[in-house]
Amino acid sequence: MKQKLTYTIMAALLIGCASMGKAPVSPAEDRSAMINYYKQILPDIKFENYIYGALAMNPDAKSQYDEMMEFPSYAIDLDKGQKMWKTPFKNGKNFASCFPNGGKNIAGNYPYFDNAAKRVVTFENAINACLKANGEQELKYGEKEMGLLTAYARSLSDGMKVNVKVEGEGALAAYEKGKAYYYARNGQLNFACASCHVQSAGKFIRSEQLSMMIGQASHWPEFRGGTDIVTLQGRFKQCEKNVRAKPKEANSDEYNNLEYFLTYMSNELPMQTPVFRK
Amino acid sequence: MAEAIKMRVTMEGNIADVKVLIQHEMETGLRKDAKTGNLIPAHFINQVVATLNGRTVLDAQWGVGIAKNPFIGFRIKGAKPGDKVGINAVDNLGARFDDEAVIS
């Protein structure tokens, strides 16, 4: 009897130890572990080239991309975004007056966690907050107009390093939720984001190579197929459709948390907006 | 309609490399409107003329076979910095697309 009790206590202690070992790892540890993982499975790709995603795995596609970017087919669309950014509001102010430094070199700080509102604030949220504060009509999330405007607005931060901070309890909780979403299996095909972009990064899915998670969030919005503008959350929707899942709405809490997590993982990488993707 | 056309000229030795983008629907006139079932009227660029200092260097007759938002790239031999490259496109409804660039 005494022996049995000792075993029970020992078992309880072991379980206790195991659950202690599961203590949440910090975002910084997550990120460095992920970078080390990609260094192992894709040893030829340098850290700074992660921003090119799958293009970094294929020198031929990269050279075509470079040529395309010299005079990109979205140049005329980008001018429209510039016009929207510079057109003054009815009260005489404009977008530049809403952001520090006239909107230059700030987009890398987004998304951030707003402790007062207890939610993640994306760059698109900040744009709409600016419109609202100046009595203008807000733009729809994930749609073309928002895409064109942010394409230009974010281009003012080209070369800035992504600099997302996860500080405080609420921020950590949002980060963990985003991370859980990235790793949660979803849809009829039962894929998580990570199934492709972590486990199978660099492998082929039909004719296309899969990009790595690090660097996935530093270059949005992008012009797919040359002139079709897609925001980051718009891309989440497309990915979810691909795995036969029901996409969430743009600017939903799920997507904002996911964007927060994903952008944090792209920290220290230079921003480049907009870019061409096929 | 200058905002719907964009040109870039770069020099490679004594050859000017010209690249032009035009935003245009390029409707063939053969597609039907999905809702009404009526034909969408043809609307396409049918002539593109490029000039170097006013002298024509390229004259192209286009048709409905060219895709939406066309891109045209060509090279001009013997161009030099300071030369003016012009491009004019006209569509079947008479709308003009003009742009001009000075080679730097």
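How many other C-beta atoms lie within 10 Å of Asn105(A)?

Guide: The model is a predicted one: local features are given at pLDDT of at least 70 and side-chain atom pairs at pLDDT 80 or more, whereas totals for chains, interfaces and linings use all residues. Residues are numbered from 1 along each chain as its sequence is written, and chains are lettered from A and ligands numbered from 1 in the order in which they are written.

Asn105(A) has 17 other C-beta atoms within 10 Å and is therefore partly exposed; the class lies between buried (20 or more such atoms) and exposed (12 or fewer), with C-beta atoms placed from the backbone. Its phi is near 50°, a positive value in a residue other than glycine. Most residues other than glycine have a negative phi, and most peptide bonds are trans. Asn105(A) belongs to the loop between H4 and S1 of chain A; helices (H or I, at least four residues) and strands (E, at least two) are DSSP runs numbered from the N terminus.

That loop, between H4 and strand S1 (112-114) of chain A, also holds Pro111(A), which is joined to Tyr110(A) by a cis peptide bond with omega of about -10°. A further cis bond runs from Trp220(A) to Pro221(A), with omega near -5°, and Pro221(A) sits in the loop between strand S4 (208-209) and strand S5 (222-224) of chain A. Positive phi is found again at Asn190(A), near 60°, in the loop between helix H7 (169-183) and helix H8 (193-199) of chain A. Asn190(A) has 11 C-beta neighbours inside 10 Å and so counts as exposed.

Axes are lines fitted to C-alpha atoms, for helices over the stretch in contact, and angles run from 0 to 180 degrees between N-to-C directions. H4(A) contributes residues including Leu78(A), Met84(A) and Trp85(A), which meet a set in H6(A) that includes Leu148(A), Leu149(A) and Tyr152(A); contact requires C-beta atoms, placed from the backbone, within 7 Å. By class, this contact holds eight nonpolar, two polar and two charged residues; Ala, Val, Leu, Ile, Met, Phe, Trp, Tyr, Cys and Pro count as nonpolar, Asp, Glu, Lys and Arg as charged, and the others, Gly among them, as polar.

Chain A as a whole has ten helices and seven strands, and its C-alpha trace spans about 85 × 50 × 35 Å along the principal axes. Of its 278 residues, 33% are buried. Among its contacts between residues at least 6 apart in sequence, 71% join residues at least 24 apart.

Six residues of chain A are in contact with nine residues of chain B. On the side of chain B, S1 and S2 are the elements that give two or more residues, and the classes there are three nonpolar, two polar and four charged.

S1(B) and S2(B) belong to an open, antiparallel sheet of three strands in the order S1-S2-S5, where strands pair if DSSP finds at least two bridges between them. Strand S1 (5-12) and strand S5 (71-77) stand at the edges of this sheet in chain B with a single partner strand each, so one side of each lacks a neighbour in the sheet. Neighbouring strands are turned by 15° against each other on average, direction ignored. Eight bridges link S1(B) to strand S2 (residues 15-22) of chain B, and Ile5(B) has Ile22(B) as its bridge partner in S2(B).

The other sheet of chain B to be described is open and antiparallel, with four strands in the order S4-S3-S6-S7. Within it, strand S6 (residues 84-91) of chain B is joined to S7(B) by seven bridges, and Val85(B) stands opposite Ala101(B). The covered face of S6(B) comprises Val85(B), Ile87(B), Ala89(B) and Asp91(B).

Conventions:
Two residues are in contact if their C-beta atoms, placed from the backbone, lie within 7 Å.
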